[in-house]
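This briefing is intended for reading alongside the sequence and the 3D model. It begins with the overall fold and then turns to the ligand site, selected helices and backbone details.

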Amino acid sequence: MTNKDKKDIGIYVHIPFCVRKCFYCDFNSQVPPSEDTVFFYTAALLDEIKASAGLLEDRKLSSIYIGGGTPSSIPSSCIGRIIDRISSHIDIDEDTEVTIEANPGTLTELKIKDYVAAGINRVSLGLQSAVEDELKALGRIHTFEDFKKNFDRLYWGGIENISVDVMTSIPYQTQESLIKTLDEVIKLRPQHISAYSLIIEENTPFYDKLRYGLLPLPTEDESYYIYKLAQTYLTQNGYRRYEISNYSLEPGNEGNKEEKDYRCRHNLRYWDRGDYIGFGVSAASLIGDHRFTNTKDLNEYASDPGRIKQEDLVLRPEDAMAEFMFLGLRKTDGIRCADFRESFDTDINEVYGKVMRHHVDRKLAAFSGEDEERRFFLTDTGLDLSNVVMSEYLLY
Ligand code: SF4
């Protein structure tokens with residue numbers, strides 16, 4: 001089988017460790033783990049990858065995404081071993097997007113050198129804010145200076161594709177302070193920016209503070225203006241919004257003269273329902289219409305990583321169709337109607353015609369293109385109300 005005939009797959013690797021817990025985070029991560037735990041966990045990951053070799057056979061690897069937690073908090077030698085193990089089962093070529101998530105408080109020149117040597121070509125840096133008081137309020141372990149220093153190190157170290165996370169609706173944030181954060185980030189011309197709104201989750205210090213009225217969050221109106229401001233400011237400064245919260249540097253702008261597409265290929269795979277396999281504790285996989293999830297229990301995972309993919313859920317066609325809609329409609333260019341027919345052997349209008357027309361009539365969605373290239377996408381208003389709009393695809 002030639003490379004061209006092989007079906008694409010993406011790989012996600014979960015590293016469930018952080019240096020310290022941020023006040024808003026409800027992820028299942030250990031803080032800080034002992035050295036032994038990290039090494040045991042890495043060994044378990046290597047075993048799981050080996051045990052899953054069959055799932056990687058005759059596939060072309062489109063992306064690897066090492067996320068967490070804070071993958072950059074563990075020794076870079078562990079990351080190198082994980083990528084090595086993957087490459088012993090499936091080719092990683094220069095076309096493969098290999099991302100690691102990094103906290104600016106955990107990077108060093110040496111780690112970056114090791115990442116590049118291991119084949120990492122994209123780094124997603126969690127900044128959240130350029131305002132020190134906001135960083136402190138979030139419980140982040142880094143300063144803005146740490147971020148800037150490490151952004152430069154990444155750039156000079158050979159990482160040409162950097163993504164920066166910023167957060168909106170955080171304590172003390174105003175429209176002016178958001179502009180300050182965005183200005184500082186835009187000056188650096190990262191290839192990609194994610195702008196997520198803070199969500200207050202149960203069992204976090206923020207949740208308790210909010211209950212007692214001690215969390216100085218922007219008001220609901222202010223939050224909405226901040227969210228809209230992030231959108232307009234980024235798009236006016238050369239970034240294309242391609243998903244509800246994600247922006248890529250448009251071709252022709254400083255930082256992208258070569259006209260590259262800097263959308264995150266790995267995340268596009270999720271939204272397009274492409275196949276991916278997740279390694280590590282609580283990691284999820286989608287292969288065809290099979291969804292698998294690994295155990296959430298670190299000890300259970302580390303004691304028997306060969307016994308993976310515990311929950312094997314075969315999606316019913318109606319669930320897979322609903323997923324196709326609410327994941328695909330997260331992208332600003334929406335879904336291609338012909339893809340629906342190719343995936344489910346059914347015309348999209350037969351299943352969703354009524355609800356799609358209803359959304360078009362309310363100016364929440366629109367069509368573009370003709371015939372094979374006909375697409376259906378949410379308008380800005382539809383994206384603003386995406387939770388409500390997308391839930392309507394679950395009912396049909
Ligand atoms: S670094 Fe990320 S995963 Fe870790 S505690 Fe903070 S928000 Fe959560």
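**Overall fold**

The chain has 396 residues, for which a compact globule would have a radius of gyration near 21 Å; the value for the chain is 21 Å, which agrees. The model is predicted. Along its principal axes, the C-alpha trace spans about 55 × 55 × 45 Å.

- The chain contains 16 helices and 15 strands.
- Of the 396 residues in the chain, 39% are buried.
- Among contacts with a separation of 6 or more, 70% are made by residues 24 or more positions apart.

**Ligand surroundings**

- The residues around the ligand are Cys18, Lys21, Cys22, Cys25, Phe27, Ser29, Gly68, Gly69, Thr70 and Asn103.
- By class, this shell comprises 4 nonpolar, 5 polar and 1 charged residues.
- Two members of the shell, Gly68 and Gly69, are joined by a cis peptide bond with omega of about 25°.
- Gly69 belongs to the loop between strand 2 (59–68) and helix 3 (76–87).

**Helix 1**

- Helix 1 (residues 35–51) has 17 residues, and the distance from its first C-alpha to its last is 24 Å, close to the 24 Å expected at 1.5 Å a residue.
- Its buried residues are Tyr41, Thr42, Ala44, Leu45, Glu48 and Ile49.
- These residues lie on the same side of helix 1 because they cover an arc of only 165° around the axis.
- An α-helix has 3.6 residues a turn, so residues three or four places apart point the same way.
- Glu35 and Asp36 are exposed on the other side of helix 1.
- The buried residues of helix 1 pack against strand 1 (7–15), helix 3, strand 9 (276–279) and helix 11 (298–303).

**Helix 12**

- Helix 12 (residues 317–328) has 12 residues and reaches 16 Å from first to last C-alpha, close to the 16 Å expected at 1.5 Å a residue.
- Ala322, Phe324, Met325 and Gly328 are buried in helix 12.
- Seen down the axis of helix 12, these buried residues fall within an arc of 155°, and they therefore line one face of the helix.
- The elements covering them include helix 10 (265–271), strand 13 (335–336), helix 13 (337–344) and helix 14 (348–361).

- Aspartate 58, a residue other than glycine, has a positive phi near 55°.
- Aspartate 58 is located in the loop between helix 2 (53–56) and strand 2.
- Aspartate 58 counts as exposed because it has 11 C-beta neighbours inside 10 Å, where the cut-off for exposed is 12 or fewer.
- Arginine 189 also has a positive phi, of about 50°, although it is not a glycine.
- Arginine 189 sits in the loop between helix 7 (175–187) and strand 6 (192–197).
- With 16 C-beta neighbours inside 10 Å, arginine 189 counts as partly exposed.

**Tyrosine 224**

- Tyrosine 224 is part of helix 9 (residues 220–236).
- Tyrosine 224 has 14 other C-beta atoms within 10 Å and is therefore partly exposed.
- Tyrosine 224 and serine 197 are 27 residues apart in sequence, and their C-alpha atoms are 9.9 Å apart in space.

Conventions:
Residues are numbered from 1 along each chain as its sequence is written. This is a predicted model: local features need pLDDT of at least 70, side-chain atom pairs count only at pLDDT 80 or more; totals for chains, interfaces and linings use all residues. A residue is near a molecule or strand if its C-beta atom, placed from the backbone, lies within 6 Å of it. Ala, Val, Leu, Ile, Met, Phe, Trp, Tyr, Cys and Pro count as nonpolar, Asp, Glu, Lys and Arg as charged, and the others, Gly among them, as polar. Helices (H or I, at least four residues) and strands (E, at least two) are DSSP runs, numbered from the N terminus. A residue is buried if 20 or more other C-beta atoms lie within 10 Å of its own, exposed if 12 or fewer, and partly exposed in between; C-beta atoms are placed from the backbone. The expected span of a helix is 1.5 Å times one less than its number of residues. The arc is that of the directions from the helix axis to the C-beta atoms. Two residues are in contact if their C-beta atoms, placed from the backbone, lie within 7 Å. The radius of gyration is taken over C-alpha atoms; the globule rule is 2.2 Å times the number of residues to the power 0.38.
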